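Work through the exercises below with the model open. Try each task before you read its solution.

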Amino acid sequence: MTRPRWVLAALLALSLVAGCSAPAAVPQAPGGTAAAAQDCVPGAGSAPDDTVAFSHATNVTITGGDGYRVLTVRTPFPGGQPQSVVLVGCGQGDPALSAALAGAPVVHIPVSGIFAGSTTQLPMITELGGLDRITGVGGAALVTDPAVRGRVESGAAVDFAPNSTIDAEAVVAAAPPVVLSAGTDDPAFPALAAAGIPVVGWADYLETGPLGQAEWIKVVGALTGQDARAAEVFDGIAGRYTDLAGRVRGLPPTPIVAGQPYQGTWNVPAAESTAGILFRDAGATWLGAGMPGTGTQAQSLERVLADDGDARIWLADGPFATTADVATLDPRLSSLAAARPGGQLWTRDRATTADGGNALYERGALHQDEILADLVAILHPQALPGHAFTYYRQVPAG
């Protein structure tokens, strides 16, 4: 399907901004050879076609062979069917695909621009040297990275989902080489597909475990031609994470209260959830540590008080200005030992912006080692003396 003339004009403008020497010819089809010249970085050399090894992530695969790669997200959003995108080199024509891949979007790499739907993608792009490739951001008000915010403020990147819903007209007009979803389905996707704009279903949050989430940097590496650098960054994070977990392994676990009630229900992280694995690796014990599952388990406040009420550390969500504020959520919370004198109440809002952005959900999605470091310093301070906290804040007594 050919793009409308105004879409083609937008594509040409994008290619000029990116410095590509794209021909003026109209693309024969979305993702075709002419589109490759416009949507990717020329002169990048042959694109790799080997399989990418994932050691922790299980919701994504990148398989290679026959001169191209296939990026597949098994569950792009809860209840969603597997989605595949074909990755080919810049300037190469579309490959002959099997029946199973018929209709799959084709992305020519390295891409010259990325529309990032989730803040979790931003550090994965910038740490691979791709700041200038961020041409669109979904929900820019929640971005905490000053450099990325600067691109939006200067007009170098557009906010294409300011209300958590994609503005299809704006995206089609910009015609980015690739859109990374925000981890949900969106009514704009059919329009983007009809315009030949590839969408990668981004679902790092559906991984089980913090390192599984962080390993999605390899997806960005494949899209930007930075496979080796992506593997290097991830290996560094995984190594630091493993070292931190090893420092507290064998120490007596520290009892904690995990989370807080919401509308009468206390969703406690189960043992194999991402939060549960972080708590376990930091040397914690809590009600959910004995509960199977990869999500949360709904519990009554009474059950949490009975099981974890004596714990002197509470890892809550907040927001709380002082410990006295917990009573406004529910007066019974004041009976928690962690909320009384001698206890510790911690929230995950140290690195927040005035607009409500939280670096925990941006930089922290990649740097799970930094989250673990905060937790280790809270639960076993002797293991990390003098630690400077990144995401967690101790709520003062009140």
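This is a predicted model: local features need pLDDT of at least 70, side-chain atom pairs count only at pLDDT 80 or more; totals for chains, interfaces and linings use all residues.

Residues are numbered from 1 along each chain as its sequence is written, and side-chain values use heavy atoms, with hydrogens and water left out.

**Exercise 1. Helix packing**

Task: Describe how helix α9 and helix α10 cross, and name the residues that meet.

Solution: 
- Locate the helices: α9 is residues 227-248 and α10 is residues 274-281. Helices (H or I, at least four residues) and strands (E, at least two) are DSSP runs, numbered from the N terminus.
- Take the axes. They come within 9 Å and cross at roughly 55°. Axes are lines fitted to C-alpha atoms, for helices over the stretch in contact, with angles from 0 to 180 degrees between N-to-C directions.
- Classify the angle. Under 35 degrees is roughly parallel, over 145 roughly antiparallel, 65 to 115 roughly perpendicular and the rest oblique. The two helices are therefore oblique to each other.
- List the contacts (heavy atoms within 4.5 Å). Y241, A245 and V248 of α9 meet I277, L278 and D281 of α10.
- Sort them by class: five nonpolar, no polar and one charged. Here Ala, Val, Leu, Ile, Met, Phe, Trp, Tyr, Cys and Pro are nonpolar, Asp, Glu, Lys and Arg are charged, and the others, Gly among them, are polar.

**Exercise 2. The largest pocket**

Task: Which helix gives the most to the lining of the largest pocket?

Solution: 
- Start with the volume: about 910 Å³. A pocket, on a 1 Å grid over the protein atoms alone, is an open set of points with protein on both sides within 12 Å along at least five of seven lines; lining residues have an atom within 4 Å of a point. Points are joined across faces, edges and corners, and the volume is the space filled by probe spheres set on them.
- Find the centre. The lining has 41 residues, and Q213, T274, A275, R348 and Y361 lie nearest the centre.
- Check the elements. β12 (261-262), β13 (265-269), α10, α13 (363-366) and α14 (368-379) each supply at least two lining residues. α10 gives the most, with four.
- Count the classes: 19 nonpolar, 17 polar and five charged.

**Exercise 3. A positive phi**

Task: Place D66 in the chain and give its phi.

Solution: 
- D66 sits in the loop between β1 (60-65) and β2 (68-73).
- Its phi is positive, about 65°, although D66 is not a glycine.
- Most residues other than glycine have a negative phi.

Technical notes. On a 1 Å grid over the protein atoms alone, a cavity is a set of points where a 1.4 Å probe fits but cannot get out, and a pocket is an open set with protein on both sides within 12 Å along at least five of seven lines; lining residues have an atom within 4 Å of a point.
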